[in-house]
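These are my notebook entries on one structure. I record what I looked up, element by element.

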Amino acid sequence: MIGSIKQIIVPDILVLKRDGRTVAFDADKILAALGRASDELEHPCSEAVLHQIVEAVLAEIRRRFHQDIQIYEIQTIVEQELLKARLYDLAEVYIQYRTKRDFERHQAMDINFTIEKLLTKDQTVVNENANKDSDVFNTQRDLTAGIVGKSIGLKLLPEHVANAHQKGDLHFHDLDYSPYTPMTNCCLIDFKGCWQMVLRLGMPRWKVLSLSRQLLPRFRRLLRM
């Protein structure tokens with residue numbers, strides 16, 4: 001676990017995120033990102049080396065920026081300082097991770113890309129719902145519709161919400177249905193409406209009541225599971 005870098009003088013500036021938000025500068029995030037990249041190496045860098053890189057990054061930021069800074073500008077400075085320090089392996093992993101995250105953000109909204117994942121039976125798509133068999137046509141149809149819905153939904157959501165969903169900071173439930181339609185997949189069943197419809201279709205009331213008594217214990221058991 002890499003320690004905090006509170007002892008370093010941190011620039012009193014704001015960071016402009018890709019989704020339009022403005023957040024306070026947090027040097028610990030730079031250190032954490034470098035730590036994750038270092039852990040991927042056969043011979044990870046020492047904590048002291050990572051601290052030195054962060055110090056160099058902060059010095060460069062203080063020299064060049066005084067009010068706010070774009071997130072990509074921070075990342076570029078990190079890459080430059082890694083190269084200056086001749087930490088080429090660490091720089092390569094850091095750049096690859098950054099590029100991978102950029103690709104993932106764009107691919108999540110690319111319908112063609114996600115449909116291709118379905119056709120090639122990518123596990124992240126076909127195993128999304130354990131209750132459905134992805135080899136069944138109806139399931140494939142649902143998955144296809146869900147992919148389209150999610151791609152549209154991510155574009156409709158506020159950018160910071162879509163970004164948080166993709167990062168896993170929050171989960172926007174039923175994204176394959178909402179917000180592009182007013183439907184949800186896991187809504188509660190309108191039992192009262194169901195029974196009223198049954199009565200309108202001509203089923204005797206006594207039979208409806210009898211059926212209700214049979215089904216109610218089953219629903220209660222399901223709710224306790």
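Entry 1, helix spans. For the lengths I took the expected span of a helix as 1.5 Å times one less than its number of residues. The model I examined is a predicted one. On that basis I checked helix H3, which has 14 residues and reaches 20 Å from its first C-alpha to its last, close to the 20 Å expected. I then checked helix H1, residues 27-39, whose 13 residues reach 19 Å between the first and last C-alpha, close to the expected 18 Å.

Entry 2, the sheet. I looked up the strand order and found an open sheet of three strands, S2-S1-S3, with mixed pairing. Strands S2 (22-24) and S3 (68-70) stand at the edges with a single partner strand each, so one side of each has no neighbour in the sheet. From one strand to the next, the twist averages 35°. I noted that S1 (residues 14-16) and S3 run parallel and are joined by three bridges. Within this pair, I traced Leu16 to its bridge partner in S3, which is Gln70.

I asked which strands helix H3 touches. Helix H3 (residues 71-84) packs on the sheet and touches S1 and S3, and its direction makes about 75° with that of S3. I listed the buried residues of H3 as Ile71, Ile74, Gln75, Ile77, Val78, Glu79, Glu81 and Leu82. I also noted that Arg86, which follows H3, has a positive phi, near 60°.

At the N-terminal end of H1 I found Asp26 as the cap, with a side-chain oxygen 3.0 Å from the backbone nitrogen of Asp28. The buried residues I recorded for H1 are Ala27, Ile30, Leu31, Ala33, Leu34, Gly35, Ala37 and Ser38.

I next looked up what surrounds Ser38: leaving aside residues up to four places away in sequence, Ser38 touches Pro44, Cys45, Leu50 and Leu90. For Cys45 I also recorded a polar contact, its backbone nitrogen lying 2.8 Å from a polar atom of the Ser38 side chain.

Notes:
Residues are numbered from 1 along each chain as its sequence is written. This is a predicted model: local features need pLDDT of at least 70, side-chain atom pairs count only at pLDDT 80 or more; totals for chains, interfaces and linings use all residues. Side-chain values use heavy atoms; hydrogens and water are left out. Two strands pair if DSSP finds at least two bridges between them. Helices (H or I, at least four residues) and strands (E, at least two) are DSSP runs, numbered from the N terminus. Axes are lines fitted to C-alpha atoms, for helices over the stretch in contact, and angles run from 0 to 180 degrees between N-to-C directions. Contact means heavy atoms within 4.5 Å. Buried means under 20% relative accessible area, exposed over 50%, partly exposed in between (1.4 Å probe, protein chains only). A polar contact is a pair of N or O atoms within 3.5 Å; within protein, one must be able to donate a hydrogen and the other to accept it, and residues adjacent in sequence count only if both atoms are side-chain atoms.
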